[in-house]
Amino acid sequence: MVDLPFAPPPPCPEAETLRQEVRSFLADALADRTPAQRAESWQGHDPEFSRKVGAKGWIGMTWPKQYGGQERSALERYVVLEEMLAAGAPVSHHWIADRQSGPLLLRVGTDEQKDTILPRIARGEAMFCIGMSEPDSGSDLAATRTRATSVQGGYVVNGTKVWTSGAHQADYMILFCRTGQGERHEGTSQFLVDLHATSGLSIRPIYAMTGEHHFNEVVFTDAFLPETSLLGKEGDGWNQVTSELAYERSGPERFLSSFLVMSEMLRVLGPEPSERAAIAIGRLAAHIHALRRMSRSVAGMLQAGENPALQAALVKELGNSLEQEIPEIARLLVDCEPSLESEDRFLATLSLITLHAPSFSLRGGTREIMRGMIARGLGLR
Amino acid sequence: MTESLIEATAERLFGDHITTRMLAAAEQGTFPAEAWQAVEDAGLPRGLVPEEAGGFGMPAAEALAILRVAGRHVVPLPLAETMAASWLLAGAGLDIPDGPLTIAPVVKGETLTLSRRGQEWHLAGTATRIPWGRDAVAVAVLAEHQGTPMVVRLDRGGFAVTPGNNLAREPRDTLRIDAVLAPSDVAPAASGVDAQALRALGATMRSLQMAGATASLLSMSTQYALDRTQFGKPIGKFQAIQHSLAILGSHQAAAGAAAIGAAEAVGEGLRIFPIAVAKIRAGEAAGLCASLAHQVHGAIGFTYEHSLHYRTRRLLSWRNEFGSESEWSLLLGRHLAAAGPDRLWPEITSA
């Protein structure tokens, strides 16, 4: 019997008090944010906002108190994440560090790395980016060519990383590259790169088709990294990097990227929409509700120390399709011509998200990679 | 996933008793009496009955979980219907007869007329699409009397049956009812139980059955893709087939998660939102999964000889029973539109 089980999410009675607290914080902190700004979703960047979130204790909230965490549950953290996304909060300054870089440091970092960096992440003061993709290594991460060569006192890095979101704003990069002789996933390692203190780095923008600057190309030219920047074990890079993926792929950001199109659509359609519109609204809400349950189930599995990489791929596969479907349905229910310049809140939101939508099933692992992982889980590979 | 004791019992029981030959005979009109007896002896139809009324008093979600198992094994018995009927009767304090039971009405908008005749009651009207009407020893009927939902225990002699079927040739009969009833056969429904509550229970049950049946499609289709060789290798090695099975897997997983959520909601006072979600989600998965399973199986899966159709034809029927995706989407959509854009997210998170 093939099975892809999603256990019921563990109960979390503390969550609802926290939820009200987060909602009232956001109502105040986001009061001046326009619909178009909110539509940027988790790509919105505001270091001041992240510092406020950190001050509330809502970054790294599952981590030990020793490192600035709150020792709260994964389900409580989930409440904070989903409330931020549903409100269109600008979370990118702390998102990646909270989601995967911090947990990675916690798992494999040295005491010094943990002591110095984790508390800064938890305060919303240390932004991370992920150095995985390269010009010839996209979905095929094991084709990575960037190499760190061991030298006196550290490593010298040469190579190019691309699609590095936020590298121009970040303080640190988690770099995945070659250190040893093996082929493919052998001989790879991860490094903690201090982007302010490393020479031989050049960060250039890659503009998205909307004209926005989120991506970068990061070129390492004889960039020196001290020995202390090795993250985890040399040669263990592949295992470390793949263990990050369940964190990266199962969260609410994998199905809520277009949520604001749906709420703005409700505003336009009013309290008594046509039968056709009401059916579409109900159906989308049902999909969101079901995905939320699956995604919270994965949070529970992560908390229990399981490795739900397969379930995470299932959430992302279904979630990305839903995120892409929402603007398509909205444009057919509301007679309109999208325009990025529009001052109408529905149109501004719809327009931006329509243009962002192709990226949903690319970022964080393509749809094809997710389907391949699921097929592997079914025993077909 | 850890299975409860009752799920494990059901799994063993259905595994032992349900055969392809039985499925074929059932759709030619042979009621699988021996299998029914085994199911009844194990107490499965009384899962939703409280202890004091002769049930086990187990949580609703646990009791209902056997319907997912039944869906996996495509059990050709009125198990869901007997569970629902027993729940209705027990809630009203009426006796539950042994043997297969069913409920009425099941079609939206259909009502039966219940009136008082001195000490006795009179029930009249036509109820269509009644599951296993021809095989039921009694029907638990929900009918209003002066605005109060009443439960009627309608025994065999009180109705005439015109047989009908769904796409899987499961009995979906028309009952013409004209019955005089003793006072001991009629009582007010349990608090909160009305036509919508019964429909919601039915929708939950079909959602669980669909979740089970889509899970069995995933197993069968995956196995077939590993066994069937074309172009010199198992077709499951082709990326196109792998992706079809991945899509099937993702939708059946969503159906399963949503259906379990609905089963929990039944135990929490029949909360409608998660139940609507499940019927919408599992209903949508039913059509997609059936279509993908047939595509992976190729022509052999389209033959009567192959057992795939016992699952797919049920899925293509169940998705329309107790309200299609449209009916439940309309209910949710109207509720959310009336609540307004700023309540959309709070409604979803509190449901």
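Let's start with a sheet in chain B. Four strands form an open sheet there, in the order 2-3-7-6, with antiparallel pairing. This is a predicted model, so keep that in mind throughout. How far are neighbouring strands turned against each other? On average by 10°, direction ignored.

Go inside the sheet next. Strand 3 of chain B covers residues 120-131, and strand 7 of chain B covers 172-181. Nine bridges join these two, and they run antiparallel.

Find it in the loop between strand 1, residues 101-104, and strand 2, residues 113-117. Is Leu112(B) buried or exposed? The cut-off for buried is 20 or more other C-beta atoms within 10 Å. Leu112(B) has 21 C-beta neighbours inside 10 Å, so it counts as buried. Which residues does Leu112(B) touch, leaving aside neighbours within four places in sequence? Among them are Ala104(B), Pro105(B), Leu123(B), Val141(B) and Ile177(B). Leu112(B) and Ala182(B) are 70 residues apart in sequence, and their C-alpha atoms are 17 Å apart in space.

Now zoom out to the domains of chain B. The assignment gives domain 1, residues 5-188, and domain 2, residues 195-350. Their C-alpha centres lie 24 Å apart. The two domains touch: 26 residues of domain 1 of chain B are in contact with 29 residues of domain 2 of chain B. On the domain 1 side, helix 2 (20-27), helix 4 (60-72) and helix 5 (79-91) of chain B each supply at least two residues. Which helix gives the largest share of that side? Helix 4 of chain B, with ten residues. By class, that side of domain 1 has 19 nonpolar, three polar and four charged residues.

Over to chain A. Chain A has 13 helices and eight strands. Its radius of gyration is 21 Å, close to the 21 Å that the globule rule gives for 381 residues, so chain A is as compact as a globular protein of that length. Along its principal axes, the C-alpha trace of chain A spans about 70 × 45 × 45 Å. Of the 381 residues in chain A, 53% are buried. Take the contacts in chain A with a separation of 6 or more: residues 24 or more positions apart account for 74% of them.

How is chain A divided? Into domain 1 (15-126), domain 2 (130-235) and domain 3 (241-377). The C-alpha centres of domain 1 and domain 3 of chain A are separated by 21 Å. Their contact takes 19 residues from domain 1 of chain A and 21 residues from domain 3 of chain A. On the domain 1 side, helix 2 (35-39), helix 4 (74-87) and helix 5 (95-108) of chain A each supply at least two residues. Helix 4 of chain A gives the most to that side, with seven residues. The residues of that side divide into twelve nonpolar, four polar and three charged.

Some strands of chain A next. Strand 2, residues 147-151, and strand 3, residues 154-161, pair in the antiparallel sense over five bridges. Ser150(A) has Tyr155(A) in strand 3 as its bridge partner. Strands 2 and 3 of chain A form a hairpin with two residues between them. In the turn, Gly153(A) has a positive phi of about 80°. Strand 3 of chain A also pairs with strand 7, residues 213-226, antiparallel over seven bridges. There, Val157(A) has Ala223(A) as its bridge partner.

Last stop: where the chains meet. The contact takes 42 residues from chain B and 44 residues from chain A. On the chain B side, several helices each supply at least two residues, including helix 6 (195-227), helix 7 (239-267) and helix 8 (272-297). Which helix of chain B gives the most? Helix 7 of chain B, with 13 residues. By class, the chain B side has 25 nonpolar, 14 polar and three charged residues.

How values were computed: Residues numbered from 1 in each chain as written. Chains lettered and ligands numbered in written order. Predicted model: local features only at pLDDT ≥ 70, side-chain atom pairs only at ≥ 80, totals over all residues. Domains from an automatic or database assignment. Contact = placed C-beta atoms within 7 Å. Nonpolar A, V, L, I, M, F, W, Y, C, P; charged D, E, K, R; others polar. Pairing = 2+ DSSP bridges. Buried ≥ 20, exposed ≤ 12 C-beta atoms within 10 Å, placed from the backbone. Axes fitted to C-alpha atoms, helices over the stretch in contact; angles between N-to-C directions. Rg over C-alpha atoms; globule rule 2.2 N^0.38 Å.
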